[in-house]
Amino acid sequence: MGGSPAPFADIGKKAKDLLNKDYIFDQKFTLTMLSATGTELVATGLKKDEFFFGDLSTLYKGKNTIVDMKIDSYSNMSAKVTVNNLLPTAKASISFRIPDHKSGKLDVQYVHPHATINSSIGLNPTPLLDISATIGSQDLCLGGEVGFDTATASLTKCNVGIGLNKTDFSTALILGDKGETLKASYVHTVNQNTAIGAELTHSIYNYNSSTFTIGSSHAVDSFTAVKTRFSDKGRAGIVVQREWRPNSLVTFSAEYDPKAAVNASPRLGLALALKP
C-alpha cells in the first residue's frame, strides 16, 4: 500500500465514471487546437433542446503555473490561475467569473504521503467555506467533507466516506446529504477490455426512494468502446464511442425510460470531439 490517498471527491469515482461518463443526450461539438507555445485553445458548441450554447477557452501550462480562461456566447467570462509547488506538496488556485463580482474563490490543496486536504473559501464578505480531507493510501482511504455558509451560519454539506481500490476492483461507501443518504458502489475489472459495476443509493428516512443501477464497459477493439446501464426503474442506456482518428472521438448515446410521458421518444445524443 503506497501513495497518497485520493481527494474525498474521488471516492467512488470509478463507479461514477462507469455509470455516467459520456452519457450525453444533447448535440455537442468540441474542437481542440494546440499552439506552438503550448497554449491549448478549445471551442465548444452545445445544442440543448432548442437552445444553443457556445464557449471559447484557452489553457496555458507553465513550469509551475496553469492559466485557464473561458468566455461563452453570453459574454460571461471565467478565469482560474493555479500555482503548483506553492509549498512542498501544496498548490493553490484563484478563480472568478465576470460579471459576477461575488464569484471569487481561493482553493488550496495539501498532499501528504498519508493524507490529502482540500479547502475552499469564497472571496466575498459572506463566503462559503468548504474543507475535505482523506487519510490512508491509494488503496484504502477514509475521509469527509464539510461546507459552511457564513451568511446563514449553517452547514451546506456534511459527508463521510470510505474507498477501497485494488487492481481488479474498486468499492466505496458514502454517507451523504448530511447523513440522509447512503450510497454504495462497486466496480469489477473482468479483464483489460471489460468492466462491470453497480451503485445503490438508499434514503435513510424514506425507504421507498432507494435506487439501484448496474452498468458495463467493453472495448470492442482498439478504437471502439460500448457502455450500457440499467436502473431498477426500467431505464436503459447505451453509449457507443469511436476513435475515428487519433485523439478524435465520436460518441452516440441513447436512453429509454418506460415511465416517461406517453409516446415520448428515447433520448438521443451525439458528441464530436476533434483534436488535429
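This report walks through a nonpolar surface patch and the salt bridges in the structure above. Keep in mind that the model is predicted.

**The nonpolar patch**

Let's start on the surface. Twelve names make up a nonpolar patch here: I94, F96, I98, Y110, I117, I121, L123, L129, I131, V146, F148 and L155. Taken together, these residues have about 940 Å² of accessible area.

Where in the fold do they come from? Four strands each put in at least two residues: β6 (90-98), β8 (115-122), β9 (128-136) and β10 (140-149). Of these contributions, the one from β6 is the largest share, at 3 residues. I94 is a handy example, as it sits in strand β6. With a relative accessible area of 42%, I94 is partly exposed, so it clears the over 30% needed for a patch residue.

**The salt bridges**

Now for the charged side chains.

| Pair | N to O distance |
|---|---|
| R97 and D100 | 3.3 Å |
| K157 and E145 | 3.7 Å |
| K233 and D232 | 4.0 Å |

Take R97 and D100 to begin with, whose side chains meet at 3.3 Å. R97 is partly exposed, at 46% relative accessible area, and D100 is also partly exposed, at 33%.

K157 and E145 come next, with their closest N and O atoms 3.7 Å apart. What does this pair tie together? K157 belongs to strand β11 (residues 154-165) and E145 to strand β10, so the contact links parts that lie 12 residues apart in sequence. As for cover, K157 is partly exposed with a relative accessible area of 27%, whereas E145 is buried at 17%. That value puts E145 in the buried class because the cut-off is under 20%.

**Putting the two together**

Strand β10 turns up in both parts of the story: it supplies at least two residues of the nonpolar patch, and it holds E145, the partner of K157.

Key: Residues numbered from 1 in each chain as written. Predicted model: local features only at pLDDT ≥ 70, side-chain atom pairs only at ≥ 80, totals over all residues. Heavy atoms only, no water. Patch = residues over 30% accessible without salt bridge, like charges linked within 9 Å, V, L, I, M, F, W, Y side chains within 5 Å. Areas by Shrake-Rupley, 256 points an atom, 1.4 Å probe, with all protein chains shown as cover. Buried < 20%, exposed > 50% of the residue type's maximum accessible area, 1.4 Å probe, protein only.
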